[in-house]
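Me: I have a structure open and would like to go through it with you. Could we begin with the surface?
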Amino acid sequence: MTLEEIFYASQSIAAVAVVASILYLAQQVRQADRVQRGIMQQGRADRVAQSSLMIASPQLASVMQKGMAADPDLTPGEFAQ
């Protein structure tokens, strides 16, 4: 094998390695996007759950009922809740 043939063979191997690394990088980017979307969805679900739990508390439930019914006896403190 001549030096020129070795050079062309190494260039071919390097080109294949570059293509493989680009494909691997694309796969990693897709995976990171999926993970990020999952984290955002989990955050939304947590906020909804926290809101539901807060509204379900006995102190706030009665105030929520008064507010939803537009009760004129709603005090400023209850309004702030």
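Reply: The chain exposes about 7,000 Å², and carbon and sulfur atoms supply 67% of that area. Accessible areas come from the Shrake-Rupley method with a 1.4 Å probe, and for residues only the protein chains shown count as cover. This is a predicted model, in which local features need pLDDT of at least 70 and side-chain atom pairs count only at pLDDT 80 or more, while totals for chains, interfaces and linings use all residues. Residues are numbered from 1 along each chain as its sequence is written, and side-chain values use heavy atoms, with hydrogens and water left out.

Me: What share of the 81 residues counts as buried?
Reply: The share is 4%. Buried means under 20% relative accessible area, exposed means over 50%, and partly exposed lies in between (1.4 Å probe, protein chains only).

Me: How many helices and strands are there?
Reply: The chain has 3 helices and 0 strands. Helices (H or I, at least four residues) and strands (E, at least two) are DSSP runs, numbered from the N terminus.

Me: What does the C-alpha trace span along its principal axes?
Reply: The trace spans about 95 × 20 × 15 Å. The radius of gyration of the chain is 31 Å, whereas a compact globule of 81 residues would have one near 12 Å. That radius is taken over C-alpha atoms, and the globule rule is 2.2 Å times the number of residues to the power 0.38.

Me: Where is confidence lowest, and where is it highest?
Reply: Confidence is lowest in H3, at a mean of 68, and highest in H1, at 94. The mean pLDDT (the predictor's confidence in each residue, from 0 to 100) of the chain is 87. Where pLDDT is low, the predicted coordinates should not be read in detail.

Me: Changing topic, which residue forms a salt bridge with aspartate 33?
Reply: The partner is arginine 37, with the closest N and O atoms 3.1 Å apart. A salt bridge is a side-chain nitrogen of Lys or Arg within 4 Å of a carboxyl oxygen of Asp or Glu, and the structure holds 1. Because aspartate 33 and arginine 37 are 4 residues apart in helix H1, they are separated by about one helical turn.

Me: Is arginine 37 buried or exposed?
Reply: Arginine 37 is exposed, with a relative accessible area of 53%. Aspartate 33, at 39%, counts as partly exposed.
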